[in-house]
Amino acid sequence: MTKKNKKTKKMNKNTIILIVAACVIIVAVVGCFFLLKKAPKSPNISNDSSQQFDIKDEKKLKIVDLNSKSRNRAVMINNIKTVWGYQSGIQDAYIVYEIIAEGGITRLMAIYKDANPERIGTIRSTRAYYLDYALENDAILLHIGGSPEALSDIRTLGINDLDGDGTFRDKSLGLATEHTAFSSMARMNEKIVARKFRDTANKDLLLNYSVDEIDLSTKEGAIPANNVAISFSTSKDTSFVYDAEAKNYKRFQSNKAHTDYVTKKQYTVKNIITYQVSNSTYDYKGRQTLNNIGTGSGYFISNGYAVPITWEKKSRNDQTVYKYLNGEEIVVNDGNTHIEIQPKNRSININ
């Protein structure tokens with residue numbers, strides 16, 4: 001074979017190799033094109049809220065803001081029969097304590113958190129055992145005077161209190177002067193700032209709350225609770241009637257609707273905790289002692305049912321712990337709670 005023929009044969013071989021390589025490349029490119037065309041597109045993520053995936057709003061409690069660090073405010077509320085119909089701002093409290101006082105009457109202590117009622121009252125003096133409940137809620141206390149024991153304990157226990165500061169008298173009501181004191185949250189806050197009281201909470205909330213409705217009918221010992229009647233003395237009882245449509249309880253005092261002076265609406269309650277403690281009279285004015293440190297039993301009532309519970313308060317400063325009979329701490333429904341601390345051996349009817 002001549003040199004020319006050898007060169008031609010070598011060129012033909014190289015040409016074939018190039019043609020084959022080119023074909024392979026073309027096939028690969030075309031294949032990739034079709035694969036990419038058929039592949040699903042990735043979602044276009046941007047900061048435009050209209051292009052974001054739908055996310056359901058997280059459920060939040062209505063009664064309290066769990067993220068709030070603000071300190072509670074406690075107000076001593078007059079509850080003598082003379083002022084029924086003149087009381088104001090109780091519905092804005094997320095916890096209300098009712099406890100026996102002298103002469104068979106009761107007084108209320110309303111606990112507020114991040115609420116802004118424009119009228120609260122009428123405001124009266126405090127007693128030593130009410131301080132235990134201001135303490136367990138780490139609350140700044142508004143009152144006007146108090147028993148000698150209470151005033152001494154306020155100093156000894158280091159309770160931040162507003163003794164009459166930020167109150168005003170509404171003499172237009174035609175009531176005796178001692179029944180005419182009111183305040184507002186704005187007035188209280190102004191005095192709290194002026195007095196340089198700590199305004200950041202140093203305790204957790206007293207109660208555990210559920211954003212979803214709790215069905216107490218499934219709990220151990222549950223009984224229907226459409227009507228609840230709690231006797232404090234021969235002259236004072238408090239009762240609650242369940243409103244199945246609204247899923248709350250209407251509050252009555254001695255069978256009379258308990259109403260707000262400003263709104264004219266009857267007070268309503270979502271949760272009721274009630275239990276009994278022993279009490280006794282210790283002075284000529286009829287002031288009471290209350291054996292509220294220790295343990296006992298009672299009821300948690302909500303959404304038309306009552307379940308037996310236990311309570312324990314280890315000291316004046318410690319929070320009362322409420323548990324179901326199985327030992328689990330109770331969880332209350334999203335709403336306000338009235339804590340009715342009843343004298344021992346008084347009647348309570350639940351049906």
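Trainee: Which residues of α2 are buried?

Mentor: This is a predicted model, and a residue is called buried here when its relative accessible area is under 20%. Helix α2 spans residues 128–136, and because nine of its nine residues are buried, the helix is largely enclosed by the rest of the structure. The buried residues of α2 are A128, Y129, Y130, L131, D132, Y133, A134, L135 and E136.

Trainee: Is I144 buried, partly exposed or exposed?

Mentor: I144 sits in the loop between β5 (139–143) and α3 (148–157). Leaving aside residues up to four places away in sequence, I144 touches I123, R124, S125, D163, G164, T167, R169 and A181. Since buried means under 20% and exposed means over 50%, a relative accessibility of 26% makes I144 partly exposed.

Trainee: Which residues of β1 point the other way from N72, A74 and M76?

Mentor: Strand β1 covers residues 72–77 and is mostly covered, with six of its six residues buried. In a regular strand the side chains alternate between the two faces of the sheet. With N72, A74 and M76 pointing one way from β1, those that point the other way are R73, V75 and I77.

Trainee: Which residue stands opposite M76 in β3?

Mentor: Strand β1 has parallel pairing with β5 through four bridges, and in that pairing N72 stands opposite A139. Strand β3 (residues 106–112) instead runs antiparallel to β1, to which five bridges join it. Within β3, the residue opposite M76 is M109.

Trainee: Which lining residues lie nearest the centre of the largest pocket?

Mentor: The largest pocket holds about 300 Å³ of space. Its lining divides into seven nonpolar, six polar and seven charged residues. Of the 20 residues that line the pocket, those nearest its centre are L66, S68, K203, D204 and L205.

Notes. Residues are numbered from 1 along each chain as its sequence is written. This is a predicted model: local features need pLDDT of at least 70, side-chain atom pairs count only at pLDDT 80 or more; totals for chains, interfaces and linings use all residues. Side-chain values use heavy atoms; hydrogens and water are left out. On a 1 Å grid over the protein atoms alone, a cavity is a set of points where a 1.4 Å probe fits but cannot get out, and a pocket is an open set with protein on both sides within 12 Å along at least five of seven lines; lining residues have an atom within 4 Å of a point. Grid points are joined across faces, edges and corners, and a volume is the space filled by probe spheres set on the points. Ala, Val, Leu, Ile, Met, Phe, Trp, Tyr, Cys and Pro count as nonpolar, Asp, Glu, Lys and Arg as charged, and the others, Gly among them, as polar. Buried means under 20% relative accessible area, exposed over 50%, partly exposed in between (1.4 Å probe, protein chains only). Helices (H or I, at least four residues) and strands (E, at least two) are DSSP runs, numbered from the N terminus. Contact means heavy atoms within 4.5 Å. Two strands pair if DSSP finds at least two bridges between them.
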